[in-house]
Amino acid sequence: MKVLRKMKVIMVSSLIGIIVLGMAGMYYYQSTRFNSNITINHTKVGGLTADQALKKLKSTVLKNDVYVGQDLIYDGKDTKMEFTNSDLSSVKKLLKSQQSFWPTSKENNYSLEPAKMDQYRNHNMKKLIEDKLVSMNKSRLAAKDAEAHLVDGKITVTKSVDGKQYDVTTLLKGYEKQEYTSEVHLEPVYIQPVKADSPIVKKEEQVLQELVQKSMDYKVQNKVYTLQGSELIQNATVTKDMQMTIDPQAITNKISEINNSQSTLMKDFQFTTHSGSVVTVKGQSYGWAINVSKETKRVQEAFEKGAKLLEAESIYGTGWSTYGTGYTATTNNGIGDTYAEVSIDEQRIWIYKNGKLVVTTNVVTGRHDTSEDTPKGVWYIMYKETPSVLEGRSVGHGDYSVKVQYWAPFTLSGCGFHDASWRSNWSSTAYLTAGSGGCVNTPLSAIKTVYDNLSKNEPVVVY
């Protein structure tokens, strides 16, 4: 009986030992090999040790195909994973992390980047994919943003339209986050349009509303015009960075209207003579006008910046000075109170300074019978020179070159005030058959006073 009991104890002990040894062997196996359905970078490593798994990873070929959705957009060249022996510790960590006491068929895929950076995969291939996406976008429908517009004085918002162009930046970020696998699969992401109810469009509406509500004073000479945005800005758009584009046509029309009503260039002047009579004299070189295109741009920019006052500065004229003469003259119908008056009928001149007569003298103007009359009109003194040499051609005398002490021209054709030491006939009828070549011959006794009282850009009224 005792022997039988002893045999049972031995058998139980042996069985326990076998079980313990089996469990120990199983634990050892499980601790040194991957479970059956484990993959690393979608490469099967089930049943392999860390060394075996690393060897297999080293030999795995990457096709480097890139898909967006179901579409293959890039067929890359085949490469091998850049794993080296230095990655063994990382593989062992994965081995330990998936370890279980009992064998398991649970599937699990681990992503593992090699310690050595894959230059082709991380740099070259990424740039090639970016270029491919950009190129593809050229033929794909672009999204259209909702936009606020000012059309015929009313603010409207266009609807947005969805497009099929890829959001390259987002897709590349997705590429960077992809597992280190043979194929790269990216979810399609498209460039989204700005919607009508977005803060950007609301801001555009606000900017346009503020634009049409603006007003500005525009000063031309001594006159001030109030310009209203609601009248002059009928069509406009605003970019996403709030830069405005204004249709300038209504502004151009307004500046043209002001120019036509106020400018004096090439217009008739009503002139009150020394005797008090009023004559109409055609503006010639004297006068000014607004450069409408330049002032349109200035007014437009002033509206955009919210200016309250703008003074006209793009003024032009003709003749010797390209800046309009007479712009500062707001009296005497635009001629001002300082001017030279030349009467051909009376053969006399009068020079006024600030409304006061400072000198008057008889003169001899251009010869009438040869049509060399001194040109009538409103001119201006171009410059003064003392002494000077006059050169030209006169009827019956051919070319000439004469010295004068004082010279003040007022026409581009060469007419002006000067002394004439060679002249003996100073009668009031001399101009009819013995006049000058077009100039205003002034007696030696008066020329210095005349010259000293003439100023550059001063109007000369010949009638």
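Visitor: Where is Pro387 located, and between which strands?
Guide: Pro387 sits in the loop between β23 (377–380) and β24. Helices (H or I, at least four residues) and strands (E, at least two) are DSSP runs, numbered from the N terminus.

Visitor: Before we go on, what sort of model is this?
Guide: A predicted one, where local features need pLDDT of at least 70, side-chain atom pairs count only at pLDDT 80 or more, and totals for chains, interfaces and linings use all residues. Residues are numbered from 1 along each chain as its sequence is written, and side-chain values use heavy atoms, without hydrogens or water.

Visitor: Back to Pro387. Is its bond from Thr386 cis or trans?
Guide: The peptide bond from Thr386 to Pro387 is cis, and its omega is near -10 degrees. In general, most peptide bonds are trans.

Visitor: What about Met242, is phi positive or negative there?
Guide: Positive: phi of Met242 is near 65 degrees, and this is a residue other than glycine.

Visitor: Where does Met242 lie?
Guide: Met242 is in the loop between β13 (236–238) and β14 (244–246).

Visitor: Let's switch to helix packing. At what angle do α4 and α5 cross?
Guide: Helix α4 (residues 119–137) and helix α5 (residues 168–176) cross at roughly 150 degrees, and their axes come within 10 Å. Axes are lines fitted to C-alpha atoms, for helices over the stretch in contact, with angles from 0 to 180 degrees between N-to-C directions.

Visitor: What does that make α4 relative to α5?
Guide: At that angle α4 is roughly antiparallel to α5. The classes are roughly parallel under 35 degrees, roughly antiparallel over 145, roughly perpendicular from 65 to 115, and oblique for the rest.

Visitor: Is the crossing of α4 and α5 left-handed or right-handed?
Guide: α4 and α5 cross in a right-handed way. A crossing is right-handed if the near helix is turned clockwise from the far one by less than a right angle, and left-handed if anticlockwise.

Visitor: Which residues of α4 and α5 make the contact?
Guide: On α4 they are Arg121, Met125, Lys126, Ile129, Glu130, Leu133, Val134 and Asn137, and on α5 Val168, Leu171, Leu172, Tyr175 and Glu176. Contact means heavy atoms within 4.5 Å.

Visitor: How many of those in the α4 and α5 contact are nonpolar, polar and charged?
Guide: The contact of α4 with α5 has 8 nonpolar, 1 polar and 4 charged residues. Ala, Val, Leu, Ile, Met, Phe, Trp, Tyr, Cys and Pro count as nonpolar, Asp, Glu, Lys and Arg as charged, and the others, Gly among them, as polar.

Visitor: OK, next pair. How far apart are the axes of α2 and α3?
Guide: The axes of helix α2 (residues 50–59) and helix α3 (residues 88–97) are 9 Å apart, at an angle of about 120 degrees. That makes α2 oblique to α3, and the crossing of this pair is right-handed.

Visitor: Which residues of α2 and α3 touch?
Guide: Ala50, Asp51, Ala53, Leu54 and Leu57 of α2 are in contact with α3, which contributes Leu88, Val91, Lys92 and Leu95. By class, the contact of α2 with α3 has 7 nonpolar, no polar and 2 charged residues.

Visitor: And at what angle do α8 and α9 pack?
Guide: α8 packs against helix α9 (residues 292–305) at about 125 degrees, with the axes 9 Å apart. α8 is therefore oblique to α9. Their crossing is right-handed.

Visitor: Which residues of α8 and α9 are involved?
Guide: From α8 come Ile251, Thr252, Ile255, Ser256 and Asn259, and from α9 Val292, Glu295, Thr296, Val299 and Gln300. The contact of α8 with α9 divides into 4 nonpolar, 5 polar and 1 charged.
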